[in-house]
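Hi,

Here is the structure I promised to pass on.

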Amino acid sequence: AFLANFHSCSLDAPPADGEPQSTELTGLFVEKPPSNIYTYEMKIVKAVPGDAGGYRCEVTAKDKCDSSTFEVSVEAAHQEEQADILSAFKRADAGEDEGELDFSALLKKAEKQEPEIDVWELLKSAHPSEYEKIAFKYGITDLRGMLKRLKKMKEQPVKHSEAFLKRLESCYTVDKGKKIVMSCEVLDPNAQVKWLKNGQEIKPSAKYVMEANGNVRTLTINKTNLADDAAYECVVGEDKCSTEVYVKEPPVTITKLMDDYHVVVGERVEFEIEVSEEGAHVMWSVNILSFSSKYRFKKDGKKHTFIILEATLDDIGMYHAWTNGGHTKGELEVEEKELEVLQDIADLTVRATEQAMFKCEVSDDKVTGKWYKDGVEVLPSERIKMTHIGRFHRLLIEDVKPEDAGDYTFVPDGYALSLSAKLNFLGERHNPPKIHLDTTGNMVSQNTIIVVAGNKLRLDVEITGEPAPTVVWSKGDKPITETEGRVRVESRKDLSCFVIEGAERDDEGNYSICVTNPAGEDKAMLLVKIVDVPDPPENVKCTGVGEDCATIIWEPPKFDGGAPIKGYLMERKKKGSSRWTKLNFDVYESTTYEAKRMIEGVLYEMRVFAVNSIGMSQPSLNSKPFMPIAPTSEPTRLTVHDVTDSTCSLKWLAPEKIGAGGLDGYIIEYCKEGGTDWVQANTDICERQGFVVRDLPVGEKINFRVIAVNIAGRSPPATLAQPVTIREIVEHPKIRLPRELRTKYIRRVGEKINLTIPFQGKPRPVATWYKDGKPIDPKMVNAHTSHVESILFIRSAERDHSGTYELVLQIENMEDRATINIRIIEKPGPPQKVRVTDVWGFNAALEWDPPKDDGNSEITGYCIQKADMKTKEWFTVYDHNRRTNCTVSDLVMGNEYSFRVYSENLCGLSEDPGLSKNTAVISKSALEHKRNPYKEKDMTCAPKFTQPLVDRTVVAGYSMAISCAVRGFPKPKIVWMKNKMIIGEDPKYLMQNNQGVLTLNIRKPSTFDGGKYSCMAVNELGKDEVECKLDVKEEASRFNHIQKKDDSQ
């Protein structure tokens, strides 16, 4: 059962002339788990006139539904305002541009898996009994306002307008913050229009822009907000057209989720979230019954905070935050403050008539408590006194008597904590306790017991004393109180038994037995040592291999089992096999072993066992696979490639025999002639078959050798037949000019030039570039030279770069030269003095002079074009004409011609042509043309449909079109009708006429749009009409989807 209580209320609005007020709707879902009653609250902070109106709360559970409505009126605080019934429908956050309440923004955000449903079209076609169900489904809260708007929409008459050629669309939809443009066409281009919003005239501003362009009248609304969601009208005289603007508000998402809190009683808690838009509404869901002064709501831009000033145990639970586009939750855990015991009470042993005082200290000096003896509260008397000073609590017993003996407990108020101690009364017959420990049996030395792992230890200790002493066994500082289980203590008369079943390594340690009675105490210490098989050896690996052997090393186990390691046993197997082969039967003491009798090229794995006096360990982890292999043979064909004053370049080939171990690389070594100290030249293994040995002494004779290396080790060295003298070898400079540069090198203006000229010579030659006998200008041409090539680079070629370039290569007094002829070309200039020299018949003779600028390239031809002086259109007569004259034939009699000529080279035609100074006139002879009499054909006919309309069946919500064809002259007037009613300028219909093909487009038809459609064509000679039937069916999948939603709600 649900109970929802609402009360009509009247609020004072802030002054109209004050600063703008914001409205915040904060909803709280209050849940009380022990009860079946839930309370829903809605708070309106800083109410404005737009908050006035009817509100309704609906509650649903499974198949039941209940609702309650209430009214809110807002009255001015300091002045009376003019009553406006529309204010009851204004938005709370509309600001200065408040408008009529729009229900489309309140529609629930459906997942965009289906086409968007127009709720107003759905309401217009629905039965009135379905209104409440549809409104609840799509989030419409004000049924009264919905019915008024729906009635207004249905009452709009479809009538022909005399002032408007094209009316406004029936509705417009725009996203919040976007721009919307509404336009209509009026009959009179000079007509003045007024724009109204909810019946009030709109004044031009930066937000509202009104334009008139011919017959078109436009209203533009910039940066729309929810206040712009209203009804708009365009008024011309007494006539008007209206539309509805729906502003869609994007869902508010949660960008920062809520965190969980774990606090103690009294601490401050702040649940903070961030949303995607400022000023968004957030609903907090908490499990408290009512608000109090310790709860706060804070809003700072996009941040929303729920604050609990002082947390209590009642605040424990889940806290939720909701927006219309997101949800987050956080858990609050509240713990009581822990009370710390600074000093515990101690056991006391006193004699008759003596004083006994129990004392304890706690961390909070405000904490009170009670004293108990054997579970009964101790009350103060003349002999028993209790004090509380600061953090100290004391119990004082004067003139102790035998009945005072017992267990005393202090219990702090409000905490699940107790402090206990014992008061022993010492009489006349008391014997101190004594431990009689048997040192035989398992003990290998004084107070030391050795137990094999897995075995059972049972230690019986005889105890004497009067009265019977209390026995406590401990391991370290931890008492052993278990009387059952693997480790336990068994008590008999005058005997205490300590038992360990199935001893484990963790059982090893120092144990103590302490016996106490009022006469005293005795204590004994024992060391229990657990011995076991050792852990397996670690890091088993292969350090070296031979052709049929391998060297294996490993590390001793971390734990030797409590007994010294006697040695190791080894096993091996082939990789991929499951059969292990023992390598030794007698214990092997070293941690290095050489395994023999292996097959080269086969992968093996090894494992090792450790052995002590208890037994053999588990096997170690398998070693990484290794392969017995032999070193390669020596490298072949070692030669000297180059020698300088400090370096020597060597080259060689791979060994002839590499074997199964492969080849990892090479080591290069050198020594002076006659010496024996070989120096390694490379720090890392060289993988290439070449190496440059550097920093060699000049003039010395050096021996070199190269050694191949693989996992098996070093190969025999490859040596030179004789030592090498470290001295530069002089090589004459030689330029190797590429073949394409040996002829003239031609490039266009603006292109990039990058010439690479390889050369050779030792020592490194000096390269110098010249242009036309002078050194190149580095501002115009860039040159870069390495030890093997020289590069000439021009970023953007110009005609000034043309010329003869020469590369000079010098080594001391030796040199080599290479010449490159570079020509930079561009398009030529136009021909000069183009003229018509003669005209005869249908022919004209042309002549011209070559261009002044040939573009630094030979002229390859000319392109001649002609143009009739009437049309001024140019046509090509000749291409690639190599002479400076030509004859143009096949000219048309009676026309006058002009000519132009383009010059051509390797770059193409010139940019501008040369125009002829005179024209060629082709005179015509007298001709007479006799025309046949023309008789005009009568094309008039009455309208006749050549293609009729066809019956259609469509699915609701999908746009469709019906078509037919008509002929007739004069052009007939077309009239479309539905159920014999003329279809006016309804934006839902689009009528088209394309060369007699008539089309009626119906946008997203509903079942209301079904019926008989007809098309009539009329002219002065007659008329004709065709009709068809349109059947609109509801989409089954969409109906099922809506029905499922209704069932789930």
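Glycine 326 is part of strand S22, which covers residues 326-335. Keep in mind that this is a predicted model. With a relative accessible area of 22%, glycine 326 comes out as partly exposed, because buried would need a value under 20%. Leaving aside residues up to four places away in sequence, glycine 326 touches Val252, Ile254 and Ala321.

Phenylalanine 306 belongs to strand S20 (residues 303-308) and tyrosine 319 to strand S21 (residues 317-323), so the pair ties together parts 13 residues apart in sequence. Buried or exposed, what is phenylalanine 306? It is buried, at a relative accessible area of 0%, and tyrosine 319 is buried too, with 0% relative accessibility. Both residues belong to one aromatic cluster, formed by Tyr261, Phe271, Trp284, Phe297, Phe306 and Tyr319.

Two lysines are worth a look as well. The charged end of lysine 207 sits over the ring of tyrosine 208, 6.0 Å from the ring's centre. Lysine 978 lies over the face of phenylalanine 1008, with 4.7 Å to the ring centre.

Cheers

Definitions and conventions: Residues are numbered from 1 along each chain as its sequence is written. This is a predicted model: local features need pLDDT of at least 70, side-chain atom pairs count only at pLDDT 80 or more; totals for chains, interfaces and linings use all residues. Side-chain values use heavy atoms; hydrogens and water are left out. Helices (H or I, at least four residues) and strands (E, at least two) are DSSP runs, numbered from the N terminus. Buried means under 20% relative accessible area, exposed over 50%, partly exposed in between (1.4 Å probe, protein chains only). Contact means heavy atoms within 4.5 Å. Rings of Phe, Tyr and Trp (its six-membered ring) pair if their centres lie within 6.5 Å; planes under 30 degrees apart count as stacked, over 60 as edge-to-face and the rest as tilted. A charge sits over a ring if NZ of Lys or CZ of Arg is within 6 Å of the ring centre and within 35 degrees of the ring normal.
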